[in-house]
Amino acid sequence: MSDHSLNPEVMPNEPEKATLEGKNKFLGFWFFLGGETVLFACLFGTYIALRNSAAGGPTENELFGLELVFLMTILLLTSSLTSVYAVYHMKNNNFKKMQLWLGITALLGFGFLACELYEFTHYIHEYGFTFRSSAFGSAFYALVGFHGGHVTFGLTWLIALMIRNAKRGLNLYNAPKFYTFSLYWHFIDVVWVFIFTVVYLMGKVG
Amino acid sequence: MKGWMGKSRIFFLLSLLALLLAGCGKENLSALKPEGYGAETSMDLIILTAVIMLFVFAVVLLVYTIVLVRFRKKKGDKEFVPKQVEGNKTLETIWTIIPIVLLLIIAVPTVIATFDLADKSQAEEHLNVEVTGNQYWWHFNYEGKKIQTSQDLYIPVGEKVYLNMKSSDVIHSFWVPSISGKMDVNPTNVNTMFIKANEEGVYYGKCAELCGPSHSLMDFKVIAVSQEEFDQWVNDMQNVDPKAKPGSTVAQEGKTLFQENNCMGCHAIGSSPAQVAPNLTNFGDRTKIAGVLEPTKENLVKWIMDPESIKEGNKMTGKYPDVSKEEAGKIAEYLMQLQPSDITPEDAKENNK
Amino acid sequence: MSTAVTQKRSFGAVLWDYLTTVDHKKIAHLYLFGGGLFFILGGLEALVIRIQLMQPQNDFVSAGLYNEMLTMHGTTMIFLAAMPLILGLMNAAVPLQIGARDVAFPFLNSLGFWLFMFGGLILNCSWFLGGAPDAGWTAYAPLSTTSPGHGVDFYVIGLQIAGAGTLIGGINFLVTIINMRAPGMTYMRMPLFTWSSFITSVLILFAFPALTIGLFLLMFDRMFGSAFFDVSLGGNEIIWEHLFWIFGHPEVYILILPLFGVFSDLFSTFAKKRLFGYTAMVFATMLIAFLGFMVWAHHMFTVGLGPVANSIFAIATMAIAVPTGIKIFNWLATMWGGQIKINSAMLWALGFIPTFTIGGMTGVMVASVVADYQYHDTYFVVAHFHYVIVGGTIFGIFAGLHYWWPKMFGRILNEKLGYLTFWTFFIGFHLTFFIQHFLGLMGMPRRYWVYLEGSGLDTGNLISSIGAFFMAFGVIVFFYNIVYTAVKGEKAVDDPWDGRTLEWATASPPEHYNFKQVPLVRGLDPLWVEKTEGKGTMTPAEPLGDIHMPNGSFLPFLMSLGLFIAGFGFIYHMDYNWAYILLFGGMAMLLGCMLTRSLKDDLGHHIPKEELEREAD
């Protein structure tokens, strides 16, 4: 595929799937997310099995405050929405607007991450609740931290993509990359919805 | 083709022959010679499944042999293009349905037996023993009787005995093949199973879950004696006086050494909740030392002087000051005379015949 | 032609070629080489085990070393021998069978191999660095969390890295098979090996993450003081068992299904008949895979899950016998009425049927819960899974190697040596493992370093050990055969077996672009279709044109090396501060390579039409 064929005069409707490489990437990424689902399912299973094993340390009900978590949920859900806008502009071949919305997505992601870091330090300093305090602590930090790690990785990925392609604009080579990123970001968002429900809501209510 | 079928058959027969020579394994150890409720239930299922499966195997082998004899390209055969068959609905349905039927024949008794052996509704009416698995020894606490033993589990014959099992360290598995199948002994939860021996006897028990270097040496015995003998044993064990003076002076010196060397820090003699190390109340009656050595004084001295050489990774090594051979001999003398009860493994053995 | 060129190239050039290759055929060579190497190691460990058990209360190795041997034997054979050998066969055959020029993700394909290789190396480094893992290949907590030394750390890190490689390989084959099929190659025209590789890849995708998480938890407990399996802090060791077997049981099918595919292809090729009940075979494979996820707790019947769970899992397990039975009978029916040609490849396939049937039978027997209370963790189970894994997987790998060797290397493995290998291995195998069924029932638990004198287990163990040496002899002959064939072997024609599928429609070995023109597929067994219609060659689906091929890359090697280095950092960071340099250095290397890969465009290259025309002359 010559450089020319990757920069067609008229961008196709679905630039992310216009080349075989793009199609492969698209499909492969879906499978990858399938594997990730099992990954998180195992962590959820572990968490549910251990959530009541506080071993005398602080319990869910004592720790969790829903206000901060609610804010985090809004930040991440909104960032998912903004990434939808970005992909929308990608399909319209409007690179600048796509970058703009991706930028907003990144900012919201950083906001989420900051809240999470604050939450963790709060637990550690106020309650002495760490990864090592109890099986519950281990399971909590493993699950939520694993998600946080995914957010961090996603942000690094996003920024690398944005900087790398800032000057050359959209083409059929990088469109699948942007698109798979947005898939990844939605996935993270969905996982967070489950964390919000299983960890925080059930912890507060159940 | 005959050649190779023949060859494999010869080896099949050879291994079967070897089996015949070995019988079905050792009495009181082999699951093929069941002498308890659980083992018999298992054996019934083993036979049922084996027979059905051998039938299936015979069918497969029959078709297989015919295929190889009839359809093999022999020397001088002309090459031809066989008819390309897509499949056959009837045949395929047959070999789907028949296995399902066979499996149902296996499944129903399996489920019934599973629920039968897991039944704990009568636990309170029977003897309950708390079993603790440790690296690499077993501890038995007779609930409500203030009796603790290690390594040798005395039970009344013909009675269900409920075992409430937990581990103090890693996962072990309690297995007395000739009386009952196994159950894991976990650190997290108590697992309950019952055993019931049909005959008196000394049954060999094994740890069946890898638990460290000396996993293969974590043997124990279940000693089934008559109800009267068991009652007497209980009575004797409850009336042990740990302070009692040993008969001989050597043993008396041994006792002093036992105390001086801080053996009591881990080992209890007499009823005690302590279970850091085996309870030695009836050590003189044990069938084995450390589960694997013949119960002689020399072996005990060897064990006391260097347990690591006998059971790698055991928790006794290094927990006490070095003792000389002479001192170890005295301690051994003391321990060997701890025989509080007239009921010993011998009683189970005599009646066994 | 390509062989002649290869011979002229210097060793360094060949090495560099393999270090940077993204060609699925060369990656297949690498997988076979790596898998073969670890297969020898695992075999040696098995021999040590059998020598130790040759007589009662033997002291050939110490108790601790024995546990290391059995752990490494299991781990090596499953993860480092069987898996890569299977992936090797998949790489060698699947793209050719579907008429593709390469896999969907050539770069990831290479990365998958190097991750496996470095994972295997790190695991085996443990032998020289204070002792190998010793908690069994199942690494049950808390034995694994409390095991002293670094052995289990090597297990955790090594498997994590190798497992990541396998997961990548799985995704790669899924996408390859979905997106890269030649025109006309519909799903229901795919050869059974491709089908089973596809289904296996689904299993890999959904099973390996459970292992990943299990290993993470184990790693956190051992290295970072968490309490997942620490009972005193509320942990629960049974979680490990669940995670391990949620992975572990599908893993058994990952090991066996691709070889079912190999056997299907072989039976139909050498009986000269199309596969009997093709559709049933495909759906039986799917059903086995699906049920494979529902039965993990049958490894845990004695854990104390209760009669309800035990019964459900028992019945689900028995259900798997149905699709497996369908397969066995369909294979027999495939051969029925055919003209069966027997050679070393077919011999393995024929040896597989009775052997695997025994393994399947004992499989149903161990599914019967209460009977399993006796079988569980004894030599009966050892015998059962060796009948399945050796009788199925290893026989299948041997069959596949003999079958595809000419395609992969352009030479046919020597038949006489092939027969010798088969017979010694086959007889040795049954000698070793048949008797173990009875040893188990006679009271011999597995993973026993010694059995006591007078336990009635002596004869059986002796026979078993003798058999192991037969097997070892067979394997030695096979490796000799490889060398012999490389030096003096008969040159292979493109289609030595009168094949039916696409891989036999291209050169032996194929050019690196596989097919000059992608073939048009007109039915099941496409080459056979052309043969029966008198043409004998495939019709091209496209005019001769430029071929787009991916570029080689050194990055996969470097990324895996980075993880390898970081792995040592993880293992030693508790003891030494310098280990942090390794940890962060290795991770930086990995991330740096990932960034390079992500940011530097790699558009591949084109082989111009003119060059292809020149080669044709």
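Me: UniProt positions are given in the numbering used here, feature names are shortened, and annotations may be inferred rather than shown by experiment; which residues of chain A does UniProt list for "transmembrane region"?

Reply: This is a predicted model, in which local features need pLDDT of at least 70, side-chain atom pairs count only at pLDDT 80 or more, and totals for chains, interfaces and linings use all residues. Residues are numbered from 1 along each chain as its sequence is written, while chains are lettered from A and ligands numbered from 1 in the order in which they are written. Under "transmembrane region", the unreviewed UniProt entry lists residues 27–48, 68–88, 100–120, 140–163 and 183–203 of chain A.

Me: How far apart are the end C-alpha atoms of residues 27–204 of chain A?

Reply: The UniProt annotation "domain: Heme-copper oxidase subunit III family profile", from an unreviewed entry, covers these residues of chain A. Helices (H or I, at least four residues) and strands (E, at least two) are DSSP runs, numbered from the N terminus. Residues 27–48 of chain A are 100% helix, with end C-alpha atoms 31 Å apart, and residues 68–88 are also 100% helix, with 30 Å between their end C-alpha atoms. Over residues 27–204 of chain A the chain is 83% helix and 0% strand, and the distance between the end C-alpha atoms is 39 Å.

Me: Which element gives the largest share of the side of chain B that touches chain C?

Reply: Counting two residues as in contact if their C-beta atoms, placed from the backbone, lie within 7 Å, 87 residues of chain B are in contact with 81 residues of chain C. Among the elements of chain B that give two or more residues to this side are helix H1 (2–22), helix H2 (37–71), helix H3 (89–117), strand E6 (172–176) and strand E7 (180–185). The largest share is 16 residues, and it comes from H2(B).

Me: How many residues of the side of chain C that touches chain A are charged?

Reply: This contact takes 34 residues from chain C and 31 residues from chain A, and the largest share on the side of chain C, eight residues, comes from helix H8 (192–223). For the classes, Ala, Val, Leu, Ile, Met, Phe, Trp, Tyr, Cys and Pro count as nonpolar, Asp, Glu, Lys and Arg as charged, and the others, Gly among them, as polar. On this side of chain C there are 23 nonpolar and nine polar residues, and the number of charged residues is two.

Me: What span is expected for H2(B) at 1.5 Å a residue?

Reply: The expected span of a helix is 1.5 Å times one less than its number of residues. H2(B) has 35 residues and reaches 50 Å from its first C-alpha to its last, which is close to the expected 51 Å.

Me: Which residue in E7(B) stands opposite B:Phe174?

Reply: Two strands pair if DSSP finds at least two bridges between them, and four bridges join E6(B) to E7(B), which run antiparallel. These strands form a hairpin with three residues between them. Six of the six residues of E7(B) are buried, so this strand is largely enclosed by the rest of the structure. Opposite B:Phe174 stands B:Met183.

Me: Where is C:Asp377 found?

Reply: Most residues other than glycine have a negative phi, and most peptide bonds are trans. C:Asp377 has a positive phi of about 55 degrees although it is not a glycine, and this residue is buried, with 23 other C-beta atoms within 10 Å. Its place is in the loop between H13 and helix H14 (379–409) of chain C.

Conventions. UniProt positions are given in the numbering used here, feature names are shortened, and annotations may be inferred rather than shown by experiment. A residue is buried if 20 or more other C-beta atoms lie within 10 Å of its own, exposed if 12 or fewer, and partly exposed in between; C-beta atoms are placed from the backbone.
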